[in-house]
Amino acid sequence: MHPFKQFLLKNRGFSLIEALITTSLLVIILSIMLQVFYFERTVKIMKLNIIASKIALSKTEELKKTNFSNLPPNGTSTFDDNELLNLPQGKGTIFREDYLSTSSLTHIIVKVEWQQNNSTSSYQIDSVIYKNQ
């Protein structure tokens, strides 16, 4: 009879130590894999937030450089940006209102929204713009 067959016939099961070692190795491998998947998901979320913050900051800076009379009217309006295409169902809005009932200051909220994990995520920047005389 072949020596390997003799070994198998003589040793029918695993010892407790072999079972513990195998289980320990499986737990270690699975924990490493879970950390990699969690890290990958976190990186994806962070990338979307960075894209949204760049869009909102860019639009806010553009509005600050715009002549006060050319700012969007009071209320909510939308804006387009090529970077919005990098966000799942990305949408940009601007909300404007007079600040403290004065015509020389205006309150602007630039908001970027996108879909993430079956919910809407958003990033917004609040700012006040002063009318230069």
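The model is predicted, with local features requiring pLDDT of at least 70 and side-chain atom pairs pLDDT 80 or more, while totals for chains, interfaces and linings use all residues. Residues are numbered from 1 along each chain, and side-chain values use heavy atoms, without hydrogens and water.

The largest nonpolar core holds 18 residues. Such a core joins buried Ala, Val, Leu, Ile, Met, Phe, Trp, Tyr and Cys residues through side-chain atoms within 4.5 Å. Buried means under 20% relative accessible area, exposed over 50%, and partly exposed in between (1.4 Å probe, protein chains only). I55, L63, L87 and V112 have the most contacts inside the core. Helix α2 gives the largest share, six residues.

Three salt bridges were found, each a side-chain nitrogen of Lys or Arg within 4 Å of a carboxyl oxygen of Asp or Glu. K59 pairs with E62 at 3.0 Å. These two are three residues apart in helix α2, so about one helical turn separates them. K59 is buried at 13% relative accessibility, whereas E62 is partly exposed at 42%.

E113 bridges to K91 at 3.5 Å. This pair links strand β3 to strand β2, 22 residues apart. E113 also meets K111, at 3.7 Å. Shared partners join K91, K111 and E113 into one network.

I28 lies in helix α2 and is partly exposed at 47% relative accessibility. I28 belongs to a nonpolar surface patch, whose residues together have about 1100 Å² of accessible area. Patch residues have over 30% relative accessible area and no salt bridge; like charges are joined within 9 Å, nonpolar side chains (Val, Leu, Ile, Met, Phe, Trp, Tyr) within 5 Å.

How values were computed. Accessible areas come from the Shrake-Rupley method with a 1.4 Å probe; for residues, only the protein chains shown count as cover. Helices (H or I, at least four residues) and strands (E, at least two) are DSSP runs, numbered from the N terminus.
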